[in-house]
Structure formats: structure tokens, C-alpha cells
Amino acid sequence: MAVVESPNTGWKPQPMSERIVVRCYSDYHEAKRAVDRLRVASIPRKRITVFGRGLAWREAFTATRFVKSAAAGGALLAAAAALILWAFGGLDSDFSWLGALVAGAGLGAVLGAALGVAGWQLTRRDRTVPETGHVDVDHYEVLVEMSHADRARELLSE
């Protein structure tokens with residue numbers, strides 16, 4: 001869409017001619033192939049629009065979130081390992097199940113804290129690089145100006 005400057009209102013969009021949907025695609029690459037096919041068939045790029053519908057924002061799974069998950073998982077694994085050692089007689093026979101549980105929790109807390117600190121040191125992010133998510137698109141609509149619509153439908157239905 002071209003932009004023109006208006007002396008009273010600043011920038012405003014230039015009106016487009018009427019366009020209609022000729023085909024919908026669930027994948028961006030399919031929609032791009034459709035546009036390429038229309039361009040090869042001599043439909044000008046300026047007469048074609050791809051429109052995404054059903055947009056949804058998804059947060060990124062950042063390194064910081066991964067390290068927090070790994071630290072918590074490491075603590076749980078250490079506690080489970082201590083309990084398994086107790087169950088199979090790997091710990092001193094004087095340990096009761098309660099002693100093994102406390103030892104496992106303590107070992108898990110130490111291991112989780114160590115993993116958390118190590119991960120934090122490794123992933124201290126650079127403030128110039130933002131952690132972003134991405135946009136999921138439900139489907140893509142290929143729109144063409146009315147004067148080219150019949151030909152575009154014919155080309156894309158083959």
C-alpha cells in the first residue's frame with residue numbers, strides 16, 4: 001500500500017482497488033508458492049496481497065526459562081536418586097526413610113541451587129538483544145484485484 005503525505009493530517013494510506021480472496025492456505029510457504037505462480041503467469045505483484053488471519057502471540061521459550069526448569073528438574077532428580085539409593089540399600093543402613101527423604105531434599109536443593117547459579121551466569125542476557133516470541137497465523141488468504149480474479153482462481157485451482 002503506497003503512502004502519501006497530506007498537508008492537514010500527516011501520513012495516510014493511499015486507497016487500494018477492490019481485492020477478493022481467490023484461495024486460502026494453512027501454510028505460509030504454500031501461500032508464497034501461490035503468489036510466485038501468479039507472478040509467473042504475468043499477474044503483477046502490485047495486484048496481489050497475502051493476508052494472515054487468526055493471529056496469536058506465543059511467548060518465546062527463552063534460555064532463562066530453560067535454566068529455571070533444568071534447575072528444578074535437577075533438584076527433583078537428586079532427591080529421587082537419594083530415595084532410590086535408600087530403597088536399594090545404597091545408603092547407610094542406619095538411615096530411615098525419613099532420613100533418606102531429608103538427605104535427598106537437601107542434596108536436591110544444593111544441586112538445584114548450583115544449576116540455577118551456573119545457568120544464570122551462562123545466560124545473563126545482553127540487554128541489546130530482546131527475548132521475543134512469535135506470531136502464529138491460522139491461515140493465509142491470497143487476494144487479487146477484481147480484474148485478475150478469474151484468471152488467478154483458474155491458475156491456483158490447477
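The structure, which is a predicted model, holds one aromatic pair. The two rings belong to Tyr28 and Tyr140, whose centres are placed 5.8 Å apart and whose planes meet at 65°, so that the pair is classed as edge-to-face, the angle being over the 60 degrees required for that class. Because Tyr28 lies in helix α1 whereas Tyr140 lies in strand β5, the pair ties together parts that are 112 residues apart in sequence. The two partners can also be described by their accessibility: Tyr28 is partly exposed, with a relative accessible area of 43%, while Tyr140, at 15%, counts as buried, the limit for burial being a value under 20%.

Helix α1, which comprises residues 28-40, lies across β3, β4 and β5, and runs at about 20° to β5. A further helix, α4 (residues 149-157), packs on the sheet as well, where it touches β3 and β5 and takes a direction that makes about 10° with that of β3.

The sheet itself is open and consists of three strands in the order β3-β5-β4, with antiparallel pairing. Strands β3 (19-25) and β4 (48-58) stand at its edges, and because each has a single partner strand, one side of each is left without a neighbour in the sheet. From one strand to the next the twist averages 30°. The antiparallel pairing of β3 with β5, the latter formed by residues 134-145, extends over six bridges, and within this region Val21 is found opposite Leu143 of β5.

Val22, which lies in strand β3, is buried, with a relative accessible area of 11%. When neighbours within four places in sequence are left aside, the contacts of Val22 are with Val142, Val144, Ala149, Ala152, Arg153 and Leu156. Glu145, located in strand β5, is likewise buried, its relative accessible area being 9%. Apart from residues up to four places away in sequence, Glu145 touches Ser17, Glu18, Arg19, Lys46 and Arg47. Although Val22 and Glu145 are separated by 123 residues in sequence, the distance between their C-alpha atoms is 9.6 Å.

At the level of the whole protein chain, four helices and five strands are present, and these follow one another along the sequence in the pattern β-β-β-α-β-α-α-β-α. Of the contacts in the protein chain with a separation of 6 or more, 77% are accounted for by residues 24 or more positions apart. Buried residues make up 21% of the 158 residues in the protein chain, and the accessible surface comes to about 11,400 Å², of which 61% belongs to carbon and sulfur atoms.

Confidence is highest in α1, at 94, and lowest in strand β1 (residues 3-6), where the mean is 52.

Key. Residues are numbered from 1 along each chain as its sequence is written. This is a predicted model: local features need pLDDT of at least 70, side-chain atom pairs count only at pLDDT 80 or more; totals for chains, interfaces and linings use all residues. Side-chain values use heavy atoms; hydrogens and water are left out. Two strands pair if DSSP finds at least two bridges between them. Helices (H or I, at least four residues) and strands (E, at least two) are DSSP runs, numbered from the N terminus. Axes are lines fitted to C-alpha atoms, for helices over the stretch in contact, and angles run from 0 to 180 degrees between N-to-C directions. Contact means heavy atoms within 4.5 Å. pLDDT is the predictor's confidence in each residue, from 0 to 100. Buried means under 20% relative accessible area, exposed over 50%, partly exposed in between (1.4 Å probe, protein chains only). Accessible areas come from the Shrake-Rupley method with a 1.4 Å probe; for residues, only the protein chains shown count as cover. Rings of Phe, Tyr and Trp (its six-membered ring) pair if their centres lie within 6.5 Å; planes under 30 degrees apart count as stacked, over 60 as edge-to-face and the rest as tilted.
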